[in-house]
Amino acid sequence: MTATTPGRGRISLALHGTDAVFEELSSAYPLKLLSPRIHRPGLAVAYIISYGGGLVSGDSVALAVAVGSGAILVLLSQGSTKVFKFRPGQRAASTHSSGPLLTTTQRMDFEVSSGATLLLLPDPVTCFRSAAYNQIQTFRLARDASLVLLDWVTSGRKSRGEDWAFSRYYSVNEVLVEGRRIARDVMLLENDDAGPTGLPPRTLANKLEPYSCYATLILYGPKLQGVIRALVQEYGRISVFKTGQPAGLLWSLSGFGDGGVVVRVAGSESEGVRRWVGGLRGLEEIVGTDVWRAFG
Amino acid sequence: MDEAYLLLLLSDSNLPTGAFVASSGLESFLAHGFGAPPPQSATPTLKSDTIAAFVRDSLNTYAPSALPFVSDAHEAVGRLRTGAAAPPCTLALLKALDGLYECTTLNHVARRASASQGVALLSLYAKGFARPPGHAASALPAAAPEAAAMAALVDAFKLTVRRGERDAHAHLPVCWGILCAALGLSLERTQHLHLYLHARSLLSAAVRLNSIGPYAAQQILLHVCGALVDAAVRKCARLRTGVLAEDGDGWDEVRDGPANTWPLGEILAARHDLQHSRIFNS
């Protein structure tokens, strides 16, 4: 599959001496990749952007990423990934609402070589009213590769009164080390829960309140051991006393595989979740302050 | 054996499965202030509604994440039962299912509770169901050849777990599928009963947490849970893990695979151990 197929993209980063060099950085509409110049040895940054600031019903994006031995790749996005049911202003006859809803699909495959580090730190996905979105991400790591994976979703456009009003959000993150699966996180949020029960309906908003942003952060590999240790200690210090009101931000931490952790964060505001992730000093040390600021 | 009699046996709350120490996140949910009505209006009705809503959300995430494993384990053991598969092949499939459930359950508290209840089910089969008591003759026609094959399979699977083999954890959904298939319970009954027991165990936890009374729990069980369990089974009975899928089956992970549907429940369940004081193990 070449990068000229709509929505396809390829990134290949290699370490030449102390320079991280993009051997390939190609993409086709509606996907766009940009790489700002970064002055930090061994590290490169690429922005994953969609034209028009969003994806629409039926769009399909497929990105293949390879991080060569010893290199550090930071993938960011510019603003949240917006998923529309229709392209704004183009309510074309071919996609009118009586037809079946075509799902927007984003598939990303990552290969992280020995000693390399991938930090996937996009802004959250925001699915608008009635949108349907599938995101399938696979991470193939060498034994001593490292991974930071942030995957987050918001409740929609608050300004338009959207509160978990999309039709379906499906996200898979699968992590394999030397071909062996060590984690497979599958999250499905949808508004038609279990079909007719004769009971009053229970919406997605009902069961996710009072939070409007949910994040999953997966940390794995030798470069993350310091960050993981600090988080485990911080988590261990939490003591929950019975309360009458849920906190504005909640997080949990579980280990998986040998030495990886999955952190989940729920926040009443996505900015609060961003601040929480942004507060992970150990990550700032890996990428440098400038790049870390670009994340938020 | 009469299926109705098996159902009575398996749904008996005296069944030694260790389920009574699990609240599947309910204790943590309540401790974190969810569904807590304002103090002045903490009526029994509101509390009942809170518990019913928790049961609903919990069922609707447990069903799509666990039922595919129940179904595939049942199918794998069913093939051995009918002679369509050889024991090593069945054992390999069960380990693959168990390993996949471990990878997809990214919540250490849920994993711990699942493995301890799964091991209990294997012991229940091996010690309680596999053979008649003492040297007494069995009144069951099931002293048939397949009974020996089932007992041998469960013993072999237990051994892989006890040895701490990779991918061998004895997770609850896998073991429930094994147990029911070994007893000859149909797949439909196996799925339905598993979700019913999940709901009932949550209500029993709610009573012991003193959140609702025993009558309210029965009310919810009769008036609410029946419909919820039926709906969850209708929606998730066809889901599979993909472990048994072959080319040409048309199995598609996005459409037909397991998934979690309640990230809030996941966070709260994982935070169980952070509670200052707690009475349940999950």
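Which residue of S12(A) does A:Arg107 stand opposite? In this predicted model, A:Arg107 stands opposite A:Ile136 in S12(A). Strand S9 of chain A covers residues 104-112 and strand S12 of chain A covers residues 132-141. The two strands run parallel and are joined by nine bridges.

Strands S9 and S12 belong to an open sheet of seven strands in chain A. The strand order is S2-S1-S6-S9-S12-S14-S15, and the pairing is mixed. Strand S2 (19-27) and S15 of chain A form the edges, each pairing on one side only. With direction ignored, neighbouring strands of the sheet are turned against each other by 10 degrees on average.

Overall, chain A contains five helices and 18 strands. Its C-alpha atoms fill a box of roughly 60 × 55 × 35 Å along the principal axes. The radius of gyration of chain A is 19 Å, which agrees with the value near 19 Å that a compact globule of 296 residues would have. Of the 296 residues, 47% count as buried. Among contacts in chain A with a separation of 6 or more, 72% are between residues 24 or more positions apart.

The contact between chains A and B takes 39 residues from chain A and 39 residues from chain B. On the side of chain A that touches chain B, at least two residues each come from strand S15 (180-190), helix H1 (204-208), strand S17 (249-256) and strand S18 (260-267). S15(A) gives the most to this side, with nine residues; S15 is also an edge strand of the seven-stranded sheet. The residues of chain A on this side comprise 20 nonpolar, eleven polar and eight charged.

Definitions and conventions: Residues numbered from 1 in each chain as written. Chains lettered and ligands numbered in written order. Predicted model: local features only at pLDDT ≥ 70, side-chain atom pairs only at ≥ 80, totals over all residues. Contact = placed C-beta atoms within 7 Å. Helix = DSSP H or I, 4+ residues; strand = E, 2+ residues; numbered from the N terminus. Nonpolar A, V, L, I, M, F, W, Y, C, P; charged D, E, K, R; others polar. Rg over C-alpha atoms; globule rule 2.2 N^0.38 Å. Buried ≥ 20, exposed ≤ 12 C-beta atoms within 10 Å, placed from the backbone. Pairing = 2+ DSSP bridges. Axes fitted to C-alpha atoms, helices over the stretch in contact; angles between N-to-C directions.
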